[in-house]
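User: Hi, I'm new to this one. Can you walk me through it?
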Amino acid sequence: MAAKSFDDRDGWVWMDGEFVPHRDAKVHVLSHALHYASCVFEGERAYGGVIFKSREHSERLHASANILGFKLPFSADEIDRAKAELIKKLGFENCYVRALAWRGSEQMGVAAKRDDVHVAIAAWEWGDYFADKMKGVRLMIAPWRRPAPDTSPCNSKAAGLYMICTLSRHAANDAGFDDAMMFDWRGQIAEGTGANIFFVRDGVLHTPTPDCFLNGLTRQAVIGLAKKRGIEVVERAIWPNELASFSECFLTGSAAEITPVREIAGLNFKPANLTEQLLHDFSALTRRANA
Ligand code: PMP
């Protein structure tokens, strides 16, 4: 049986300050966001009824909107409160939370300064981002590259930036892979289509410098956990010809959490000590966040 469509569910969506029945949470077809991608969003996870790094996500939503030139009509505090109330009202303990902000319908055309800004929050129960995640995922090299910082608002979690992620993910899935690894405009390794990437060589963690893609909150948390264990973490430019020298690889993201990678385009990796330690520490951290 096909999974139930996301608009055909019971429950509530928080929209512009109030709780709306899930099926009524609609926007007009003449919304600037739909035509010109003036939308920013967050993906978050709650563990045991508490959203991991809720405040940081709310602040990033604000920052993303500011980069696109619009201001949210709700403070980070208000958004935090709304998220917490929503998951409580829905009775969810472990769930995914999607907060978003977009430009409305007052003005159509490229210019958008007169458009009202809307904010909504939805949540749903969602298991692992990848089927068989712990077996390790297989990545293809993406047919698209992360654009240069002067050709995209790359520090914003902006909907428009996901066009090439969807295309890359589809290309990977069509070729029998789980996901794609994207290079950046220079040809350096950048990230997955919805997650950051880490590699291990001789007990040292290597990860690309986030200078043209999102410096994920999970990425930052994992770097902190690694350092706490005394593991050396090197953020640097990583080139594709180094791939064969790495023994372990994993993805990080709010949806992906820590996902072991077992193959990138024919090269094999074996999740071992370091991936396992960080999986353990991350699990403890997300659960402790609720203590
Ligand atoms: N890169 C991209 C393209 C993403 O969509 C995400 C998920 N938001 C990440 C990285 C990881 O970010 P975070 O850990 O903050 O979820």
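Predicted model: local features only at pLDDT ≥ 70, side-chain atom pairs only at ≥ 80, totals over all residues.

User: OK, how many salt bridges does the structure hold?
Analyst: It holds 18. One of them pairs arginine 45 with glutamate 257, with the closest N and O atoms 3.9 Å apart.

User: What does the pair of arginine 45 and glutamate 257 tie together?
Analyst: Arginine 45 is in strand S3 and glutamate 257 in strand S14, so the bridge joins parts that are 212 residues apart in sequence.

User: Is arginine 45 buried or exposed?
Analyst: Buried, at 7% relative accessible area. Glutamate 257 is also buried, at 12%.

User: What about glutamate 59, which residue does it form a salt bridge with?
Analyst: Arginine 55, with the closest N and O atoms 2.9 Å apart. Both are in helix H2, four residues apart, which is about one helical turn. Glutamate 59 is partly exposed at 41%, and arginine 55 is partly exposed at 33%.

User: Switching to the ligand. Which residues come nearest?
Analyst: Of the 15 residues around the ligand, those are Tyr162, Glu191, Leu217, Thr218 and Ser254. The shell divides into four nonpolar, eight polar and three charged residues.

User: Where is glutamate 191 relative to a nitrogen atom of the ligand?
Analyst: An N or O atom of the glutamate 191 side chain is 2.6 Å from that nitrogen. The protein covers 95% of the 380 Å² of accessible area that the ligand has on its own.

User: And arginine 60, how far is its side chain from an oxygen atom of the ligand?
Analyst: An N or O atom of that side chain is 2.8 Å from the oxygen.

Technical notes: Residues numbered from 1 in each chain as written. Heavy atoms only, no water. Near = heavy atom within 4 Å. Polar contact = N/O pair within 3.5 Å; in protein donor to acceptor, adjacent residues only side chain to side chain. Areas by Shrake-Rupley, 256 points an atom, 1.4 Å probe, with all protein chains shown as cover. Nonpolar A, V, L, I, M, F, W, Y, C, P; charged D, E, K, R; others polar. Salt bridge = Lys/Arg side-chain N within 4 Å of Asp/Glu carboxyl O. Helix = DSSP H or I, 4+ residues; strand = E, 2+ residues; numbered from the N terminus. Buried < 20%, exposed > 50% of the residue type's maximum accessible area, 1.4 Å probe, protein only.
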